[in-house]
Each structure stands twice: as C-alpha cells, then as structure tokens.
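Welcome to a short tour of one protein chain. Have the coordinates open as you read, and follow along element by element.

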Amino acid sequence: MTHKRILVLGGGFAGVECTEKLESYFKRDSEVQIDLVSEDNFLLFTPMLPQVASGMIETRHIVIPIRTIIKKATFHEGKVKNIDPYGKRVTLYGTNEKRGTSLEYDYLVVALGSQTNFFGNQTVENHAYTMKTLNDAVVLRNRIIDMLEQADNEKDPILKQSLLTFVVVGAGFAGIETAGEIHDFLLDAKKYYPNITESDIKVIVLEALPIVLPGFSEKLASFTKDKLIQRGIEIKLNTQVVTFDGSEVIIKDAVDPSKTPVKEPTMDAIETKTLIWTAGVTPVDTIKNSMFKTDRGKIIVNENLEVPNFPGVYVVGDCSLAIDPRTGKPYPPTAQNAEGQAKTAAYNIFAEMHGKPKKKIDFVSKGQMAIIGKRTAIASLSGLNIHGFLAWCIWRTVYVRKIPKLNKRLRILLDWTADLFFDRDISRLKIIRKDQPIDYKELDEVDDVW
C-alpha cells in the first residue's frame, strides 16, 4: 500500500472519535498519516455547559486538550477557509502570527459541527446570549451575576424586575437544562443580595412548539413541564419571538405553517435585559459555502456516509444529512449520533484501503437524558422512562464516564461534591462579551503543503 493521508476536520465529538478509531486501525501502519484540524485545541464536553454557566462546575474541567487524547495523529489548530474536493486539498486561514496552511489528503472526514441558528432574526442575533461554546457559558454566568449586582441596588421596581427576568428561548435539551441551572443558581445566590427575594426572580422559557423536550415520551415531557412550573419557572408554549432590542422581547402566538391561521397572532412583550437563545443549530458557513451538494445547509451523503461524486470524502455529525433507514428522516444533531457516525466513517476508510466491504449507517439511539433542576432529571433508556432523583443519579453516572480523561472526571466529581456542602461562587470576572475578532489573512499563495 502506498503512502496515504487521512484528514479529519473538526475537534468535536465526531472529529475526535473518528480520529481515535482511525488511530486504532492504523496504529502500526507507518504508511498512513492522520491529521486532525480544529479551531480549538480542546474537546468541549457540551452536555455540562449549563453547569458551567451556573457555577457548579469549573470552566476548565469540561475541556480536554486534544493533544492529550490523540496518539498517532498530527494536530493542527486552525480555522478551515476552503475545501477543494477536486484538488483534494483543504486550506486553513492564517493569523497575524502564522501564515495560512494547505493540507492535501487522500481521504477526508468532515466533522465541522454546527453553529447557533437565529433563523434570520437579526435583532436576536445582535442582543441575545447563546449556549454553544465555553465562552458562551462563562459570559452568561457573568451576565447573571451582573444583573444581581445591579438589581440589588435598584430603586425603580419596573427596572429591577427587568434585570431579574431571564428569558430562555427553546425548550429542547439545551434550553430546559439551561433554564433549570440558571434558576437554581439565582435561588442559591440571592441570600447574598438582601434586597432581592425569591418572588423578584423570574425565569421564562419560550417554545414555538406545543410541547417541551420534543423526542421524549409525552409522560416525561409532561413531568418536566410540571416540575419546572412547580419550581417557579414559567413555560410559554406555542410562542414565537418577533424581536429583541436588549430591553424588551416581543412575542406572538406561533402559527403552524401547514394550517391557515384563524385569526391574527396575539402580540405581547416581556421586559428583560437577558435573553438566552437555544432554539436551534445550523451547519457552519464553511459547509454552506462549500462545493458539496447540500440540503438545508447539510452535506448530502449516501448510506456509507460518503459524499456522492467525491469518493473518499465522508461527512459525519451535525453537518451531515444522513437518513435513518428506519424512519426515513435525518438523524438528529446529537453527540451520540455524531460519535456513531464517526465510528462508521473510520471503519469505511479502513475497509476501502484493505478491499473490504463498507458498513452502512446502522446507529440506534441508546436513550436520552436531561437534567431539569436541582437533583432532578428525566431519562429514557431501553424503553424505560425514569424521572426524579434516580434519573439524576443515572445522568451523572453516564456522563462522567464519558469524560475521556481520569483527571477531568475526578475534578468534576469534586465539583459536584463541593456543591453539596458549599455555596456557589458569585465573583464576576469582567471579560469582553463578544469574541475578539481574529484577523485572518487572505491567502494569495499557500506554500506550506504536506
């Protein structure tokens, strides 16, 4: 076999899982070179982001440096500028300190993930907070503490109420878990703010659908809604955000596009300084602007996760439009699905190199879990629906075992243990809300090629 180059794009669950599998297949093969490209030099354990936002877990404890995970592969920290499937080359942006790089490949795995989808609502994009990255969680935590500090000394009751009103848009996994963690944090922190009472605090969840946690059973979804309301979180279903200017969010009744509206949607307003948007994701712009054929922004792949017309190119995770043969619908954008697809893609590359038959997509969900508040969760596992404290224990057990490194597992366990005995820290670190723009150099000539 001649020298082969395998390039993996993306350092999320799919990209790292695929790289690890490729390393296991080719660990003794010196003729195979594996490279991994990621904008960040760490794997972010996104299921615990809400707990970082609430101060339960320390920031660095849910990030695992990629260089400590991979063994054979070469790591490149950089942002993908262009994918050329005809020339079999990927170009990375340069920075002020580093020139751009061009990486050639024989096999390519695209696992670039997704970004927050604002559905074209520019006012929300300009003023809302998000929960997609580590920076998002840290910024949101600082925002919550900032609102408490300002509200404690505010004499105007209307302004005070807007400072202590937190609106979460989206009642999926991210939205429900974020709302629960924010509410718990606010109730724990108020003891240090003598002029703030529990009745002053308001957390509102807005959802355009008529249900919370779509995908869960009706029983678990109903339990979640009732439990959140019982704890003081307001749930507004069939509600759509129209605009948000940073001080007021305008909402209206959601209309089913398949039905003719009987009357004009009712408009309303919520006075708030903080809106957290968790209402959806979309593939990154690099994918949308690529040469590959896309549908709804995702790259169309066949049953082997390979891109038609471009042999040797595989797409997995959130940016892949892979169809579940059991339902005829696209696989959901979950970490569990991304890792399953990554394993299939890695095997198919190995199989192609060794003349073996490729595997088709054959992923079956092992279940779903979500934390919905302090010591309460829901879980759907192997056909069993579990809720309450037991589901909360299962959630913690399953997810801590998924952390790749033992030292990170121990740190998280220590954080959880400390939370049982001590109050959460309310120090506010003054950092810039938006990411500092990176001055990526345009690449007229790229001469750093492997």
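This is a predicted model: local features need pLDDT of at least 70, side-chain atom pairs count only at pLDDT 80 or more; totals for chains, interfaces and linings use all residues.

## Before we start

Two strands count as paired if DSSP finds at least two bridges between them.

## The chain as a whole

Let's begin with the overall dimensions. The C-alpha trace of the protein chain spans about 75 × 50 × 45 Å along its principal axes. A compact globule with 450 residues would have a radius of gyration near 22 Å, and the protein chain has 23 Å, so the two agree.

The secondary structure comes to 11 helices and 26 strands. Buried residues make up 50% of the 450 residues. The protein chain exposes about 22000 Å², and carbon and sulfur atoms supply 50% of that area. Among contacts with a separation of 6 or more, 69% are between residues 24 or more positions apart.

## The sheet E24-E25-E26

Here we turn to an open sheet of 3 strands, ordered E24-E25-E26 and paired in the antiparallel sense. E24 and E26 stand at the edges with a single partner strand each, so one side of each has no neighbour in the sheet. On average, neighbouring strands of this sheet are turned by 5° against each other, direction ignored.

E24 and E25 run antiparallel and are joined by 6 bridges; within this pair, Met369 stands opposite Ala379 in E25. Strand E25 (residues 376–381) is also joined to strand E26 (residues 384–388), by 5 bridges. Ala377 has Gly388 in E26 as its bridge partner. The hairpin of E25 and E26 has 2 residues between the strands, and Ser382 takes a positive phi near 50° in it. In a regular strand, side chains alternate between the two faces of the sheet.

## Helix H10 against the sheet

Which strands does H10 lie across? H10 lies across E24, E25 and E26, and runs at about 105° to E26. Helix H10 (residues 389–402) has 14 residues, which at 1.5 Å a residue should span 20 Å; its end C-alpha atoms are 20 Å apart, so expectation and model agree.

The buried residues of H10 are Ala391, Trp392, Ile394, Trp395, Arg396, Tyr399 and Val400. Their cover includes strand E24 (367–373), E25 and E26. It also includes the helices H2 (49–53), H6 (173–189) and H11 (406–421).

## Helix H9

Helix H9 (residues 335–353) gives a similar length check: its 19 residues should span 27 Å at 1.5 Å a residue, and the end C-alpha atoms are 27 Å apart, which agrees.

Another open sheet of 3 strands has the order E15-E16-E17, with antiparallel pairing. Its edge strands are E15 (239–244) and E17 (267–271), each pairing on one side only. Neighbouring strands in this sheet are turned by 30° against each other on average, direction ignored.

Strand E16 (residues 248–253) pairs with E17 over 5 bridges in the antiparallel sense. Within that pairing, Lys252 stands opposite Met267 in E17.

Key. Residues are numbered from 1 along each chain as its sequence is written. Side-chain values use heavy atoms; hydrogens and water are left out. Helices (H or I, at least four residues) and strands (E, at least two) are DSSP runs, numbered from the N terminus. The expected span of a helix is 1.5 Å times one less than its number of residues. Buried means under 20% relative accessible area, exposed over 50%, partly exposed in between (1.4 Å probe, protein chains only). Contact means heavy atoms within 4.5 Å. Axes are lines fitted to C-alpha atoms, for helices over the stretch in contact, and angles run from 0 to 180 degrees between N-to-C directions. The radius of gyration is taken over C-alpha atoms; the globule rule is 2.2 Å times the number of residues to the power 0.38. Accessible areas come from the Shrake-Rupley method with a 1.4 Å probe; for residues, only the protein chains shown count as cover.
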